[in-house]
Amino acid sequence: MEKEIALERIQLLEDNGIYLKRNISGKKAVIFPGHGSQYVNMLSDLKGKHKIVDEVLKESEDYYKEIAGMPFWERLKTDEINTIPTLMQPAIIIANEVYFRILKKKYGVCPNVLLGHSLGEISALCAASVISFKDAIKIAYQRAKCLEFLDEKSKGRMISLKLSSNEEEKAINNYLFLHDNLELAIVNSQTQKIISGTKEDIKQLEKYCESIEIVSYILPVPYPFHSALLESIKGKYQQEIKKISFTIPSINIYSTILSRLYLKKDFVNIVEILGNQLIEPFNFKSIIEDLYNNYNVKKFFECGSNR
(Lines give C-alpha, C1' and ligand atoms only; values in the text may rest on other atoms or scores of the structure.)
Protein backbone atom coordinates (compact mmCIF):
# COMPACT_ATOMS: atom_id res chain seq x y z
CA MET A 1 0.00 0.00 0.00
CA GLU A 2 2.80 2.43 0.95
CA LYS A 3 4.62 1.60 -2.30
CA GLU A 4 1.47 2.36 -4.33
CA ILE A 5 1.05 5.72 -2.56
CA ALA A 6 4.72 6.57 -3.20
CA LEU A 7 4.35 5.73 -6.91
CA GLU A 8 1.22 7.88 -7.11
CA ARG A 9 3.10 10.80 -5.55
CA ILE A 10 6.00 10.39 -7.98
CA GLN A 11 3.54 10.32 -10.89
CA LEU A 12 1.83 13.46 -9.57
CA LEU A 13 5.19 15.27 -9.45
CA GLU A 14 6.09 14.16 -12.98
CA ASP A 15 2.69 15.23 -14.29
CA ASN A 16 3.63 18.72 -13.10
CA GLY A 17 7.08 18.66 -14.70
CA ILE A 18 9.06 17.74 -11.56
CA TYR A 19 11.31 14.70 -11.95
CA LEU A 20 13.19 12.87 -9.21
CA LYS A 21 16.83 12.01 -9.88
CA ARG A 22 17.31 8.46 -11.13
CA ASN A 23 20.18 6.38 -12.45
CA ILE A 24 19.46 6.34 -16.17
CA SER A 25 21.36 4.01 -18.45
CA GLY A 26 21.78 4.80 -22.13
CA LYS A 27 23.71 7.04 -24.47
CA LYS A 28 24.34 10.77 -24.05
CA ALA A 29 23.57 13.57 -26.49
CA VAL A 30 24.70 17.19 -26.38
CA ILE A 31 22.32 19.74 -27.90
CA PHE A 32 23.55 23.14 -29.07
CA PRO A 33 20.97 25.95 -29.16
CA GLY A 34 20.60 28.43 -31.99
CA HIS A 35 18.80 31.75 -32.45
CA GLY A 36 17.11 33.14 -29.37
CA SER A 37 19.71 31.92 -26.86
CA GLN A 38 21.62 35.22 -27.05
CA TYR A 39 21.10 38.16 -24.68
CA VAL A 40 22.81 41.40 -23.63
CA ASN A 41 25.86 40.75 -21.39
CA MET A 42 25.95 37.10 -22.42
CA LEU A 43 28.88 35.26 -20.75
CA SER A 44 29.78 38.30 -18.59
CA ASP A 45 28.99 36.35 -15.40
CA LEU A 46 31.63 33.75 -16.33
CA LYS A 47 34.45 35.95 -17.64
CA GLY A 48 37.40 36.14 -15.27
CA LYS A 49 36.07 33.31 -13.09
CA HIS A 50 36.92 30.25 -15.16
CA LYS A 51 40.16 29.53 -17.01
CA ILE A 52 38.32 27.59 -19.73
CA VAL A 53 35.97 30.52 -20.37
CA ASP A 54 38.79 33.05 -20.59
CA GLU A 55 40.71 30.81 -23.01
CA VAL A 56 37.72 30.52 -25.36
CA LEU A 57 36.96 34.24 -25.18
CA LYS A 58 40.60 35.14 -25.94
CA GLU A 59 40.57 32.83 -28.99
CA SER A 60 37.19 34.24 -30.03
CA GLU A 61 38.30 37.87 -29.82
CA ASP A 62 41.32 37.14 -32.00
CA TYR A 63 39.39 35.06 -34.54
CA TYR A 64 36.45 37.48 -34.75
CA LYS A 65 38.72 40.50 -35.28
CA GLU A 66 40.52 38.66 -38.06
CA ILE A 67 37.27 37.64 -39.75
CA ALA A 68 35.11 40.73 -39.20
CA GLY A 69 37.71 43.45 -38.62
CA MET A 70 35.86 44.51 -35.45
CA PRO A 71 36.05 43.81 -31.70
CA PHE A 72 33.76 41.17 -30.24
CA TRP A 73 33.60 41.15 -26.45
CA GLU A 74 32.60 44.75 -25.72
CA ARG A 75 29.73 44.57 -28.20
CA LEU A 76 28.12 41.71 -26.27
CA LYS A 77 27.27 44.29 -23.60
CA THR A 78 25.04 46.22 -26.02
CA ASP A 79 21.75 45.53 -27.78
CA GLU A 80 23.75 44.82 -30.94
CA ILE A 81 23.77 41.20 -29.75
CA ASN A 82 20.04 41.09 -30.64
CA THR A 83 20.03 43.33 -33.71
CA ILE A 84 23.26 42.75 -35.68
CA PRO A 85 23.30 39.22 -37.17
CA THR A 86 27.06 39.32 -37.88
CA LEU A 87 27.57 39.67 -34.12
CA MET A 88 24.62 37.59 -32.93
CA GLN A 89 25.32 34.40 -34.86
CA PRO A 90 29.08 34.14 -34.10
CA ALA A 91 28.32 35.03 -30.46
CA ILE A 92 25.93 32.08 -30.15
CA ILE A 93 28.55 29.74 -31.62
CA ILE A 94 31.17 31.12 -29.21
CA ALA A 95 28.88 30.69 -26.19
CA ASN A 96 28.08 27.13 -27.27
CA GLU A 97 31.82 26.39 -27.45
CA VAL A 98 32.39 27.83 -23.97
CA TYR A 99 29.78 25.54 -22.40
CA PHE A 100 30.86 22.51 -24.41
CA ARG A 101 34.46 22.82 -23.22
CA ILE A 102 33.25 23.23 -19.63
CA LEU A 103 31.06 20.15 -20.00
CA LYS A 104 33.94 18.07 -21.35
CA LYS A 105 36.91 19.36 -19.34
CA LYS A 106 35.30 20.13 -16.00
CA TYR A 107 32.56 17.51 -15.82
CA GLY A 108 34.05 14.82 -18.07
CA VAL A 109 30.93 14.38 -20.20
CA CYS A 110 31.74 12.53 -23.44
CA PRO A 111 28.67 12.53 -25.70
CA ASN A 112 27.75 9.74 -28.09
CA VAL A 113 25.73 12.05 -30.32
CA LEU A 114 25.81 15.78 -31.10
CA LEU A 115 22.80 17.77 -32.24
CA GLY A 116 22.43 21.42 -33.19
CA HIS A 117 19.16 23.35 -33.17
CA SER A 118 19.20 25.44 -36.37
CA LEU A 119 22.37 27.61 -36.18
CA GLY A 120 23.58 25.27 -33.44
CA GLU A 121 24.43 22.64 -36.06
CA ILE A 122 27.60 24.63 -36.78
CA SER A 123 28.58 24.08 -33.13
CA ALA A 124 27.88 20.36 -33.50
CA LEU A 125 30.20 20.21 -36.51
CA CYS A 126 32.89 22.01 -34.52
CA ALA A 127 32.48 19.79 -31.45
CA ALA A 128 32.91 16.71 -33.68
CA SER A 129 36.10 18.20 -35.22
CA VAL A 130 34.53 18.47 -38.68
CA ILE A 131 35.59 22.12 -38.67
CA SER A 132 37.93 24.18 -36.50
CA PHE A 133 36.56 26.64 -33.94
CA LYS A 134 37.86 29.50 -36.08
CA ASP A 135 36.01 28.14 -39.12
CA ALA A 136 32.85 27.69 -37.06
CA ILE A 137 32.94 31.42 -36.26
CA LYS A 138 33.68 32.16 -39.91
CA ILE A 139 30.73 30.08 -41.16
CA ALA A 140 28.39 31.76 -38.66
CA TYR A 141 29.67 35.17 -39.73
CA GLN A 142 29.17 34.42 -43.44
CA ARG A 143 25.72 32.95 -42.73
CA ALA A 144 24.81 36.27 -41.15
CA LYS A 145 26.62 38.45 -43.69
CA CYS A 146 24.65 36.96 -46.58
CA LEU A 147 21.43 38.19 -44.98
CA GLU A 148 22.47 41.73 -45.92
CA PHE A 149 21.79 40.82 -49.56
CA LEU A 150 18.12 39.97 -48.97
CA ASP A 151 15.64 42.27 -50.69
CA GLU A 152 13.18 44.10 -48.44
CA LYS A 153 10.33 41.82 -49.47
CA SER A 154 12.14 38.74 -48.18
CA LYS A 155 13.09 40.17 -44.79
CA GLY A 156 10.90 39.00 -41.95
CA ARG A 157 10.60 37.59 -38.45
CA MET A 158 9.89 34.41 -36.52
CA ILE A 159 7.13 33.92 -33.97
CA SER A 160 6.75 31.21 -31.32
CA LEU A 161 3.26 29.86 -30.66
CA LYS A 162 2.04 27.86 -27.67
CA LEU A 163 -0.78 25.61 -28.88
CA SER A 164 -2.63 24.06 -25.97
CA SER A 165 -5.39 22.18 -27.80
CA ASN A 166 -6.32 20.52 -31.08
CA GLU A 167 -8.69 23.40 -31.77
CA GLU A 168 -5.86 25.94 -31.50
CA GLU A 169 -3.62 23.86 -33.75
CA LYS A 170 -6.41 23.54 -36.32
CA ALA A 171 -7.01 27.30 -36.23
CA ILE A 172 -3.31 28.02 -36.88
CA ASN A 173 -3.11 25.44 -39.68
CA ASN A 174 -6.09 27.04 -41.37
CA TYR A 175 -4.54 30.49 -40.96
CA LEU A 176 -1.25 29.33 -42.50
CA PHE A 177 -3.13 27.74 -45.42
CA LEU A 178 -4.64 31.13 -46.23
CA HIS A 179 -1.39 33.11 -45.95
CA ASP A 180 1.33 32.14 -48.45
CA ASN A 181 4.05 34.28 -46.84
CA LEU A 182 3.89 32.33 -43.57
CA GLU A 183 5.55 28.93 -43.11
CA LEU A 184 5.80 26.41 -40.30
CA ALA A 185 9.56 26.60 -39.69
CA ILE A 186 10.19 24.50 -36.57
CA VAL A 187 8.21 22.09 -34.40
CA ASN A 188 9.92 22.20 -31.01
CA SER A 189 7.42 20.20 -28.97
CA GLN A 190 3.83 19.02 -28.89
CA THR A 191 2.73 22.53 -27.94
CA GLN A 192 5.42 24.87 -29.33
CA LYS A 193 5.72 25.76 -33.00
CA ILE A 194 7.76 28.44 -34.72
CA ILE A 195 6.40 30.28 -37.74
CA SER A 196 8.51 32.31 -40.19
CA GLY A 197 7.19 35.01 -42.49
CA THR A 198 7.38 38.59 -43.68
CA LYS A 199 7.35 41.28 -40.99
CA GLU A 200 3.82 42.38 -41.79
CA ASP A 201 2.45 38.83 -41.94
CA ILE A 202 4.06 37.97 -38.60
CA LYS A 203 2.51 41.07 -37.02
CA GLN A 204 -0.90 40.09 -38.37
CA LEU A 205 -0.46 36.54 -37.07
CA GLU A 206 0.41 37.93 -33.65
CA LYS A 207 -2.82 39.96 -33.68
CA TYR A 208 -4.80 36.92 -34.78
CA CYS A 209 -3.32 34.84 -31.95
CA GLU A 210 -4.21 37.52 -29.46
CA SER A 211 -7.79 37.60 -30.76
CA ILE A 212 -8.27 33.86 -30.12
CA GLU A 213 -6.13 33.80 -26.94
CA ILE A 214 -3.18 31.82 -28.26
CA VAL A 215 0.08 32.66 -26.46
CA SER A 216 2.64 34.02 -28.93
CA TYR A 217 6.06 35.63 -28.78
CA ILE A 218 8.02 37.27 -31.62
CA LEU A 219 11.58 35.97 -31.33
CA PRO A 220 14.60 38.31 -31.16
CA VAL A 221 15.62 37.04 -34.61
CA PRO A 222 15.37 39.67 -37.36
CA TYR A 223 15.06 37.18 -40.26
CA PRO A 224 12.69 34.36 -41.30
CA PHE A 225 14.95 31.32 -41.05
CA HIS A 226 13.86 27.90 -42.27
CA SER A 227 11.58 29.38 -44.90
CA ALA A 228 11.64 29.94 -48.67
CA LEU A 229 12.04 33.68 -48.05
CA LEU A 230 15.79 33.07 -47.67
CA GLU A 231 16.13 31.11 -50.93
CA SER A 232 17.74 34.04 -52.77
CA ILE A 233 20.83 34.12 -50.51
CA LYS A 234 21.46 30.37 -50.30
CA GLY A 235 23.82 30.34 -53.29
CA LYS A 236 25.92 33.22 -51.96
CA TYR A 237 26.25 31.56 -48.56
CA GLN A 238 27.31 28.27 -50.16
CA GLN A 239 29.86 30.08 -52.30
CA GLU A 240 31.47 31.61 -49.20
CA ILE A 241 31.68 28.41 -47.16
CA LYS A 242 33.08 26.37 -50.06
CA LYS A 243 36.45 27.74 -48.94
CA ILE A 244 36.15 25.97 -45.56
CA SER A 245 37.92 22.65 -44.92
CA PHE A 246 35.56 19.90 -43.67
CA THR A 247 36.64 16.49 -42.31
CA ILE A 248 34.87 13.32 -41.15
CA PRO A 249 33.33 13.69 -37.64
CA SER A 250 34.92 12.15 -34.56
CA ILE A 251 31.48 11.90 -32.88
CA ASN A 252 28.11 11.06 -34.43
CA ILE A 253 26.11 14.14 -35.48
CA TYR A 254 22.37 14.11 -36.05
CA SER A 255 21.36 16.39 -38.93
CA THR A 256 18.09 18.27 -38.45
CA ILE A 257 17.76 18.69 -42.22
CA LEU A 258 18.51 15.07 -43.15
CA SER A 259 16.52 13.83 -40.13
CA ARG A 260 19.17 11.19 -39.42
CA LEU A 261 22.78 10.76 -38.40
CA TYR A 262 25.32 12.16 -40.84
CA LEU A 263 27.02 9.49 -42.94
CA LYS A 264 30.59 9.77 -44.24
CA LYS A 265 29.30 10.25 -47.79
CA ASP A 266 27.25 13.29 -46.70
CA PHE A 267 30.39 15.36 -46.19
CA VAL A 268 30.97 15.41 -49.94
CA ASN A 269 27.80 17.56 -50.06
CA ILE A 270 28.12 19.35 -46.71
CA VAL A 271 28.14 22.81 -48.31
CA GLU A 272 24.84 22.06 -50.04
CA ILE A 273 23.37 20.62 -46.83
CA LEU A 274 24.31 23.72 -44.81
CA GLY A 275 22.88 25.94 -47.54
CA ASN A 276 19.60 24.04 -47.44
CA GLN A 277 19.54 24.44 -43.68
CA LEU A 278 18.77 28.13 -44.18
CA ILE A 279 15.46 27.38 -45.87
CA GLU A 280 14.37 23.89 -44.80
CA PRO A 281 11.93 23.50 -41.88
CA PHE A 282 12.54 20.78 -39.29
CA ASN A 283 10.75 18.88 -36.55
CA PHE A 284 12.89 18.98 -33.41
CA LYS A 285 10.33 17.02 -31.41
CA SER A 286 10.52 14.08 -33.83
CA ILE A 287 14.33 14.19 -33.79
CA ILE A 288 14.48 13.91 -29.98
CA GLU A 289 11.96 11.06 -30.08
CA ASP A 290 14.02 9.30 -32.78
CA LEU A 291 17.21 9.59 -30.72
CA TYR A 292 15.44 8.36 -27.60
CA ASN A 293 13.54 5.47 -29.18
CA ASN A 294 15.91 4.27 -31.91
CA TYR A 295 19.41 5.27 -30.78
CA ASN A 296 19.10 4.59 -27.03
CA VAL A 297 19.91 8.21 -26.17
CA LYS A 298 18.51 8.72 -22.67
CA LYS A 299 20.53 11.69 -21.40
CA PHE A 300 20.39 15.09 -23.10
CA PHE A 301 22.67 18.01 -22.19
CA GLU A 302 21.87 21.46 -23.55
CA CYS A 303 25.14 23.27 -24.14
CA GLY A 304 24.76 27.02 -24.62
CA SER A 305 23.69 30.33 -23.14
CA ASN A 306 20.26 31.04 -21.80
CA ARG A 307 18.90 33.42 -19.24
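Helices (H or I, at least four residues) and strands (E, at least two) are DSSP runs, numbered from the N terminus. This is a predicted model, in which local features need pLDDT of at least 70 and side-chain atom pairs count only at pLDDT 80 or more, while totals for chains, interfaces and linings use all residues. Residues are numbered from 1 along each chain as its sequence is written, and side-chain values use heavy atoms, with hydrogens and water left out.

Strand β7 (residues 252-255) contains I253. Contact means heavy atoms within 4.5 Å; leaving aside residues up to four places away in sequence, I253 touches L114, A124, L125, A128, V130, R260, L261 and Y262. Its C-alpha atom is separated by 26 Å from that of E183, 70 residues apart along the chain.

An open sheet of 5 strands runs in the order β6-β3-β5-β4-β9, with mixed pairing; strands pair if DSSP finds at least two bridges between them. Its edge strands each pair on one side only:

| Edge strand | Residues |
|---|---|
| β6 | 215-218 |
| β9 | 282-283 |

Strand β3 (residues 156-162) is antiparallel to β6 and joined to it by 4 bridges; S160 has Y217 in β6 as its bridge partner.

The axes (lines fitted to C-alpha atoms, for helices over the stretch in contact, with angles from 0 to 180 degrees between N-to-C directions) of α4 (residues 85-106) and α6 (residues 133-145) come within 7 Å and cross at roughly 150 degrees. The two helices are therefore roughly antiparallel, a class for angles over 145 degrees.

Key
Angles under 35 degrees count as roughly parallel, over 145 as roughly antiparallel, 65 to 115 as roughly perpendicular and the rest as oblique.
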